[in-house]
Each structure stands twice: as C-alpha cells, then as structure tokens.
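Please look over the sequence and the model shown here.

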Amino acid sequence: MSIKDRKIVMTKTERTQKILEELERLYPNVKSMLNFTTPFELLVATILSAQSTDKQVNRITGSLFKKYNTPENFAALEPGQLEEMIKGCGLFRNKSKNIIAASRVLLEKYGGEVPQDLECLMELPGVGRKTANVVLSNAFGKNAIAVDTHVLRVANRLGLADNPTPLGTELQLQEAIPPELWSKAHHWLINHGRKVCSARKPDCLSCTLYQWCRNAQEEGAFAWNNSKTKL
Ligand code: SF4
C-alpha cells in the first residue's frame, strides 16, 4: 500500500478538538437566552422553561419580576396567585407550587440565597440536574454542562457522547471536553440543535461539522433515535 492509499485516521481527541473549534467559530458569542438579573431570577426562569420556549418565559418574567423577584416575595404567595401570572407557560400549576416551595426552602435553609452547589440545588422542589447545572453555569460562572434535549441529541449524533441518558451524556461530555469549555459547549450544542441539527430533519448537507460527525459519516444522519432519550 502506498502512502497515498493510506487513510488518515483521526484520534477521538483530535476529532473532538475539530468539532469544538468549529462550534466556537459558528457560535462565538453564546449566553443564556433567558433574561435575569440575579441567580434567584435565573432559578425561577429555568424552572419556568421546562416544556416552554425561552421567548415565552422571557415574556412572563418580564412582568413577573417587576412585581416579585426575591424568595421572600414568592414564599408569601399562594399557588393560585402565582398561577395567574405564569399561566402562559406549560405545566404552570406544578411550576407555581415548586417555585413557592423552593423559595421557602431557600429562606429556611440558605438565608434566602441560591446555593452554589449541585446537590443542594437539586434538593429544591422543581429543580433537576439540568436546571441546577444551568444555574451553576450561567448565574455563578461555574464549569457545568446542562444536558437538555438538544445537547443530548447533538452530542450523541456528533459522537462526543454515546449514551442515551442525560446523566450518562453529561459525564461523557465532561470527559471529552476541557472543563473551561463546558458551559460554552452547552450553549454551542443547543444553538446547533436549534439551527442545523434538528430532531426530525438535521440539515447535514449544509452542516459544517459533517466531516467529523459520527452519525453522518458512519451510520447516516438519522441513526440517533430520539426514542432512546430519557428526557
Ligand atoms: S452532520 Fe447532520 S447529524 Fe451531524 S451534527 Fe451536522 S446536522 Fe447533525
């Protein structure tokens, strides 16, 4: 076999590096799309964002936070009062109960401050691992990767992860990506999922990650089956 006939095989690390570089080039100025001015506002906005768009949430919090924006404010409310103000988003009854209950826990256990610790955050009503990671990363600047439906899908299609669960994917992304890029990588993957690599119809023909994408290269772009997800 001549040198010309040999295939140049990239290591996984090299491929990951190329993917991250390209994602950074595509999405240079990433930040949370949710509007907030304090960690507590981000916590409330992120709880509200489940099964709702960021746009819907920003519309609701735009007026909500003018009236109520501290744990003290929310802890004093009855669920019905808050429901009225957030009923533009999905699951508003549960969210109302959770926001009020979480505010009361913050007052009782943390002096009204949002804790900067994953486990403590996950003990708050309505706060799962994804929400906790969003708060740690966007409100406190900690290295964290929140795995939502976009991150799960795109990371697995690209081959940055190979795991159908959010937790498994998060841990594999933490292995593959340098910690200082975790928060940015979360935003990069969300942007790519929204703009190019959609759930139903990934636009592989125009995707500039095509040459490094595991699914596109090895199995066809549709091999990542969304039914595998546990979100
Ligand atoms: S090549 Fe296709 S499957 Fe791979 S990241 Fe791009 S759009 Fe998604």
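## Overall fold

The protein chain has 12 helices and zero strands. Helices (H or I, at least four residues) and strands (E, at least two) are taken as DSSP runs and numbered from the N terminus. Along the sequence, the pattern reads α-α-α-α-α-α-α-α-α-α-α-α.

Residues are numbered from 1 along each chain as its sequence is written. This is a predicted model, in which local features need pLDDT of at least 70 and side-chain atom pairs count only at pLDDT 80 or more, while totals for chains, interfaces and linings use all residues.

## Confidence

The pLDDT is the predictor's confidence in each residue, on a scale from 0 to 100. Its mean over the protein chain is 92, and 91% of the residues reach 70 or more.

Residues 1-7 have a pLDDT under 50, and the model gives this stretch one contact beyond four places in sequence. Residues 225-231 are also below 50, and they have 12 contacts in the model beyond near neighbours in sequence. Two residues are in contact if their C-beta atoms, placed from the backbone, lie within 7 Å. Where pLDDT is low, the predicted coordinates should not be read in detail.

## Helix H2 and its partners

Helix H2 (residues 39-48) and helix H6 (residues 92-110) have axes that come within 10 Å and cross at roughly 155°. H2 is therefore roughly antiparallel to H6. Axes are lines fitted to C-alpha atoms, for helices over the stretch in contact, and angles run from 0 to 180 degrees between N-to-C directions. Angles under 35 degrees count as roughly parallel, over 145 as roughly antiparallel, 65 to 115 as roughly perpendicular, and the rest as oblique. In this contact, Val 44, Ile 47 and Leu 48 of H2 meet Lys 95, Asn 98 and Ile 99 of H6. By class, that is four nonpolar, one polar and one charged residues. Here Ala, Val, Leu, Ile, Met, Phe, Trp, Tyr, Cys and Pro count as nonpolar, Asp, Glu, Lys and Arg as charged, and the others, Gly among them, as polar.

H2 also packs with helix H8 (residues 129-140), where the axes come within 10 Å and cross at roughly 145°. On the H2 side are Pro 39, Leu 42, Leu 43, Thr 46 and Ile 47, which meet Thr 131, Val 134, Val 135, Asn 138, Ala 139 and Phe 140 in H8. This contact divides into eight nonpolar, three polar and no charged residues.

## Helices H9 and H10

H9 and helix H10 (residues 166-176) pack at about 55°, with their axes 10 Å apart. The two helices are therefore oblique to each other. Leu 152, Ala 155 and Asn 156 of H9 make the contact with Pro 166, Thr 169 and Leu 173 of H10. These residues comprise four nonpolar, two polar and no charged.

## Around the ligand

Which residues come nearest to the ligand? Of the 15 residues around the ligand, they are Cys 197, Pro 202, Cys 204, Cys 207 and Cys 213. A residue is near a molecule if its C-beta atom, placed from the backbone, lies within 6 Å of it.

Helix H9 (149-158) and helix H12 (214-219) each supply at least two residues of this shell. H9 gives the most, with three residues. By class, the shell has 12 nonpolar, one polar and two charged residues.
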